[in-house]
Amino acid sequence: MAPASGDRVAKDRVNWVDTAKGICIIFVVMMHTTLGLEKAVGEQGWMHAVVAFAQPFRMPDFFLISGLFLAATIDRPWRLFLDRKVLHFFYFYVLWLTIQYGMKAPNMMAEGLTLGCVIRTYFFSFIQPFGTLWFIYLLPVFFVVTKLLKNRIWWLFGASVLLQIAPINTGPLLEQAKDLFGVVSSEKGFLLIDEFCSRLVYFLAGYMFANQLFALADKARQHVPACLALLLVWAITNGTFVALGWSGLPLVSLVLGFAGGGAIVLCASLLSSQRVMGLVNRPLNWFGANSIVIYLSFFFPMIVSRLLLIKLVPWLDVGTMALISLIIGIVAPMVFYMLVRWTGWGMFLFHRPDWAVLSDTPWKKSDGRKAALQAAE
């Protein structure tokens, strides 16, 4: 079985893909808003159960979808490929790393860290991805590794399965690096290594089995009752393993990751095909089409909403607070993005400027349009 052809993938990029991305970005923001709020108030709310339920498939599905369209670009010349798949994301990583770090640095110094330590930690973020930005840090690595080894793709896929199962622990290595460079990090290990090992298999599956995933989405629309029954069985199974604390076990996490990825494909396909679900699908589709915009900028409204909720409505239960923070964390970035597009100010935040595009690549449009953020392509 060969990976999907570029023509097939490019032709079949349909509505459900953005809907699936919309579902995933909501779960990602939900995790950060809920866990951050619970940590701040010192107790858990009812949203914690939803976050736990989504844990097995939240990021696997994001990487699965990110690999779907690689077949359309993997055979391009290296210069163009690196511009689209590496420089593109590197620009946004550096930009938003600087923005987020600039907001966090004063608190770090207020907690007693020296200026030197703060500066070293910033540059250390080019080795250890900073905060929520690790996804766009790791994605170019997956693109390059897959292109380099595309002629040995099944060997790479087999190795990625073993890496996902293997009990890799880079915690001691990170502690040594922190001592050596005099930096701080709240992570339990090197994200580049840990997440590479945990997520590569899903990215490769999206690339290798794109045709099968599109076919699965087609069948979902043709067999709605059977699809709903399958989703019910999946939800019960996934929830059971999470409740028992088994979802992180070797092999189990791999199976649940793929099962959850397939379930999101089915859900997205059904939502995008049913007229009655239009009111639900339209915002999901919109969020998914701009998922990286949300991913890059949700941290600020998340923090602000958390502080305001705790101060203004301390009597509100934690779960409801988390839900309100989630809604703000999703909607506020989209409102800000619309304002940016309307005013034309700050376009560099979400669109790569001409100076950051290789001049001899077709990616730099002759009509003056700027390269936009396209996460899954």
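1. Let me begin with a charged pair: Asp18 and Lys21 form a salt bridge, with 3.5 Å between their closest N and O atoms. By salt bridge I mean a side-chain nitrogen of Lys or Arg within 4 Å of a carboxyl oxygen of Asp or Glu. Both residues sit in helix 2 (residues 15-41), three residues apart, or about one turn of the helix. Helices here are DSSP runs of H or I with at least four residues, strands are runs of E with at least two, and both are numbered from the N terminus. Asp18 and Lys21 are both buried, where buried means under 20% relative accessible area, exposed over 50%, and partly exposed in between (1.4 Å probe, protein chains only).

2. A word on the ground rules before going further. This is a predicted model, in which local features need pLDDT of at least 70, side-chain atom pairs count only at pLDDT 80 or more, and totals for chains, interfaces and linings use all residues. Residues are numbered from 1 along each chain as its sequence is written, and side-chain values use heavy atoms, leaving out hydrogens and water.

3. On confidence, the mean pLDDT of the protein is 89, and 90% of its residues reach 70 or more. The pLDDT is the predictor's confidence in each residue, on a scale from 0 to 100. Over residues 5-13 the value is below 50, and the model gives this stretch 18 contacts beyond near neighbours in sequence. Residues 366-377 also stay under 50, with 34 contacts beyond four places in sequence. A contact here means heavy atoms within 4.5 Å. Please keep both stretches in mind when you look at the model.

4. Now the overall picture. The protein has 17 helices and two strands, and its C-alpha trace spans about 60 × 55 × 50 Å along the principal axes. Its radius of gyration is 21 Å, which agrees with the value near 21 Å for a compact globule of 377 residues. That radius is taken over C-alpha atoms, and the globule rule is 2.2 Å times the number of residues to the power 0.38. Of the 377 residues, 49% count as buried. Among contacts with a separation of 6 or more, 81% come from residues 24 or more positions apart.

5. Back to the salt bridges, of which the structure holds six. Side chains of opposite charge can pair when their charged atoms come close. Another of these pairs is Asp75 with Lys150, whose closest N and O atoms are 2.4 Å apart. Asp75 lies in the loop between helix 4 and helix 5 (78-110), and Lys150 in the loop between helix 7 (134-148) and helix 8 (153-165), so the pair ties together parts that are 75 residues apart in sequence. Asp75 counts as exposed because its relative accessibility is 58%, whereas Lys150, at 27%, is partly exposed.

6. Where do Asp83 and Arg352 lie, given that their pair links distant parts of the chain? The two side chains meet in a salt bridge at 3.1 Å, N to O. Asp83 belongs to helix 5 and Arg352 to strand 1 (residues 351-352), 269 residues apart. Asp83 is buried, with a relative accessible area of 0%, and Arg352 counts as buried at 0% as well.

7. Helix 7 has eleven of its 15 residues buried, among them Trp134, Phe135, Tyr137, Phe142 and Lys147. These buried residues pack against helix 4, helix 5, helix 8, helix 10 (191-208) and helix 15 (291-297).

8. Finally, two single residues. Thr121, in helix 6 (residues 115-124), counts as buried because its relative accessibility is 6%. Leaving aside residues up to four places away in sequence, Thr121 touches Tyr101, Met108, Val183 and Val184. Leu251 has a positive phi of about 70° although it is not a glycine. Leu251 is placed in the loop between helix 12 (224-244) and helix 13 (252-273), and is partly exposed, with a relative accessible area of 48%.
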